[in-house]
Amino acid sequence: MLFKRGRYSGFIRPILYIVDISLIILFVFYFHPGRATSPYFGPFLVVGWIVSTFFTKYYNVYRFTSTVKVITLAVRQYVLYSLIYVSYFGFSKTILEIHEVVYFLSVLFSCMLLVKFFMYWILKSYRLKGGNRRKTVIIGNNEATKALETFFLKKPIYGYNYLGYFTNKPLTDKLGSFNDFFNFIEGRDIDDIYCSISEFSQTDINRLVTYANTHFKTLKFIPDSNQILSSGFEVDYYDYFPILTLNELELNKSINRFIKRGFDVLFSIVVIVFILSWLTPLLFILLKLESKGPLFYIQERNGLDYKTFKCYKFRSLKQDKNNHSQVTIDDNRVTKIGRFLRKTSIDELPQFFNVLKGEMSVVGPRPHMLAYNKAYSNQVDNVALMARHRILPGITGLAQVRGYRGAVEKDTDIIGRVKLDLFYIKNWSVLLDVKIIFSTLINLLTGDEKAY
């Protein structure tokens, strides 16, 4: 799940990061030529910039963010980064003239702010011409929803493609009732769902929240005045009225998708160059000496958005037409070298080619064989099962390190696996990925009873 279809603005934040860091490096060479070659000064300023932006939320600018808010974030970042910049000279015991500090930081931030406004001006101009649109629907019909509807229709500069509203009231211009909404949204690439809290029962709201969570849709609530301070929600303002945003997934954020994909590419290149480059020809010889058949076992699996892809593994079974059933303990189809490969999970290493191709990730829900996905739908909620395919499948995953790897022998196996996969998707972080990778390595060294 790198970038959503049509969501070109997802590239804006990574581009701004690159441009701003490039400006810092350029200004270091121009204003501090004597320190440009220092192994500490430049990296300190770059790392300081990246860390400080996470605290000030400098890049948390959206299509509905006002100019005043952008300037406020810039001032906050200016103050914090100024302290970081000055602190370097304090640690290095270097005396600087005040006017030099003010001049460097003022010119730097002025250039950064100009670049930022220029890029958003280009994006807004593009939206006025019909590009970069977000499809939206509203659930409810009252004064608040009508004000939001007016915002969508009369301010195309923000890039919202408003499709209509749903309500249980007997109105002629509605798209349908509350129940009709769930049929309407299937098969349509709806980006944002806006719902009036006061118009529907708690049961209806819970049903909507469950749908949004399992389908990973952005759900936003139009609150009553006494609901604005509700905990667990982030308040955004569209002009003058508030919108409550529910549980935005971390992997919906472009910077996080960029980080995860960058990590996948680097990690897979390291494994391919330093391990597979010599291991592949060695295994080719060993496998050929023991049994006939190809080096790689290639099988179609369901990946992102349920699309099929060819998943690579080192062959561990004897060449047989009936190799599509799950492997069991002491399975006589497994070769001697294949048993070692499966026990150590070395047979999974070719999937780093899938990672490099963008078909898989290092960490994510494990992809199932096509036939098994259909079978599992009888054992677990199909909506939850399909929700696993909203991100790239992984070589390893949270479910695998928590004991749910290998064959599904009973209903609790697939139920537990799906629950952990959904937990991972909703709570992703870089640290969680690192923890899963380390847990996987520990399991490989200590042995896993389900690796057979």
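## The β-α-β unit

A crossover is called right-handed if, with the strands pointing away from the viewer, the path from the first strand over the helix to the second runs clockwise. In this predicted model, such a right-handed β-α-β unit is made by strand β1, helix α5 and strand β2. Helix α5 covers residues 143–154.

Strand β1 comprises residues 134–139 and is mostly covered, with five of its six residues buried.

Strand β1 is paired with two strands, β2 and β3. Strand β2, residues 160–166, runs parallel to β1 and is joined to β1 by six bridges. In this pairing, Arg 134 stands opposite Tyr 160 of β2. Strand β3, residues 192–196, also runs parallel to β1, and four bridges join these two strands. Here Ile 138 is placed opposite Tyr 194 of β3.

## Thr 280 in helix α8

Helix α8 spans residues 254–290 and includes Thr 280. Is this residue buried or exposed? Thr 280 is buried because its relative accessible area is 18%, and buried means under 20%.

A polar atom of the Thr 280 side chain lies 2.7 Å from the backbone oxygen of Leu 276. When neighbours within four places in sequence are left aside, Thr 280 is in contact with Leu 295, Phe 296 and Phe 314.

Terms used. Residues numbered from 1 in each chain as written. Predicted model: local features only at pLDDT ≥ 70, side-chain atom pairs only at ≥ 80, totals over all residues. Heavy atoms only, no water. Buried < 20%, exposed > 50% of the residue type's maximum accessible area, 1.4 Å probe, protein only. Pairing = 2+ DSSP bridges. Polar contact = N/O pair within 3.5 Å; in protein donor to acceptor, adjacent residues only side chain to side chain. Contact = heavy atoms within 4.5 Å.
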